[in-house]
Amino acid sequence: MSIGLDDVIAAETVLSHVDGEAGRLIVRGHDLEELAGRVSYEDAVALLWEGFVSLSDPRAALGNGRARAFALLSGLAPRLHGLSPVEGMRLLLAALPDAEPDHAPLAVGAAAVAAAMAVRGAQGLPPIAPDPAAGHAADLLRMLRGEPVEEGDAKALDTYLVTILDHGLNASTFTARVVASTEAGLLSAIVAGLCALKGPLHGGAPGPVLDMLDAIGSTDRAEEWLDAAIARNERLMGFGHRVYRVRDPRADVLKGAVSRLKGRDNRIAFAEAVEEAALRVLARRKPGRRLDTNVEFYTALLLEALGVPRAGFTPLFGAGRTAGWVAHALEQAGTGRIIRPQSRYVGPRPAEAA
């Protein structure tokens, strides 16, 4: 029996495949490297949804979804006071009806609007209305920052959103499929996925990467600090993965996106030096184990360089992953079967009658 359901096949899917041994992520028959940085988020969503949702004009569909979502959600901005960004995003998405027509583009549009509103709301800032004619990534970043977005920044975020579009049957995706299997409705499945993503063992890890960089402080302290952390049995944030036994392919894609932002007011060069030191220390301290850079490391650098506050990292992740949750929810609903695994009782038994 597998307590964490490792190696248990819970679904058949056409959406994505994670090959942990080879360090490969396949999305709808394409290696991730063929899509991220080469195909827009809108077109990647259309590819993922093929056979479930037809998008003749993906950019217009998601733009319309953002506009409709803002009309439904903007009045809730005062309710965000005192909530963390991920809690605010949860509140906003939970306010949407499951029966809304054209629900799939609305769900993705709503996730972008809710993420931006929630991040700004936590800072005491008013929401920014979307521009339905803009690209999804550019508009998300503009709604979040409240200012025009340079093409390079929009491209970097677009690459990030495609990179995190879907990733097998992870905790939040499985949660979304379980809820969808009950016929609860698409938005309910999305909210459930976000709730699972909120946990620090799943979607909350990129922020602590920056905490680690803060603690290291300078390049000359990196190796000593990292060595001492491992001696204390602490985990090096941004290294190692539950599934990948080699380097996370998403890390390389995001490293390329981050490198194009280098030279601005950011600490990318410092982080690259820390990465090199960490890999040396891990090789020395944990021989025989392949603990390589994962997606969290360069996610943290990219989002920080784009001006996203740390508390907004999980909402941005959720905004990108919502399209994957939608696809899995629709795929699961199409099976017409509720997910109902068994458990093994290990508690006390009632006393037998004499």
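## Briefing on a predicted protein model

The protein carries 38 positive and 43 negative side chains, and the centres of the two sets lie 4 Å apart, where Lys and Arg count as positive and Asp and Glu as negative, with His and the chain ends not counted, and where the place of a charge is NZ of Lys, CZ of Arg, CG of Asp or CD of Glu. This is a predicted model, in which local features need pLDDT of at least 70 and side-chain atom pairs count only at pLDDT 80 or more, while totals for chains, interfaces and linings use all residues. Residues are numbered from 1 along each chain as its sequence is written, and side-chain values use heavy atoms, with hydrogens and water left out.

**Overall build**

- The secondary structure comes to 15 helices and three strands, both being DSSP runs numbered from the N terminus (helices: H or I, at least four residues; strands: E, at least two).
- The radius of gyration, taken over C-alpha atoms, is 21 Å, close to the 20 Å that the globule rule gives for 354 residues, so the protein is as compact as a globular protein of that length; the rule is 2.2 Å times the number of residues to the power 0.38.
- Of the 354 residues, 50% count as buried, a term that means under 20% relative accessible area, whereas exposed means over 50% and partly exposed lies in between (1.4 Å probe, protein chains only).
- Among contacts (heavy atoms within 4.5 Å) between residues at least 6 apart in sequence, 77% join residues at least 24 apart.

**Helix H4**

- In helix H4, which spans residues 85–94, the buried residues are Pro85, Val86, Gly88, Met89, Leu92 and Leu93.
- Seen down the axis of H4, these buried residues fall within an arc of 155°, so they line one face of the helix; the arc is that of the directions from the helix axis to the C-beta atoms.
- The cover over the buried residues of H4 includes helix H3 (58–73), helix H5 (103–122), helix H9 (186–197) and H15.

**Exposed positions outside the helices**

- Glu183, in the loop between helix H8 (171–181) and H9, has a positive phi of about 65° although it is not a glycine, and it is exposed, with a relative accessible area of 72%.
- Asn233, in the loop between helix H11 (222–231) and helix H12 (249–259), has a positive phi near 60° and counts as exposed at 73% relative accessibility.
- Pro348 is found in the segment after helix H15 (313–333) and counts as exposed at 69% relative accessibility.
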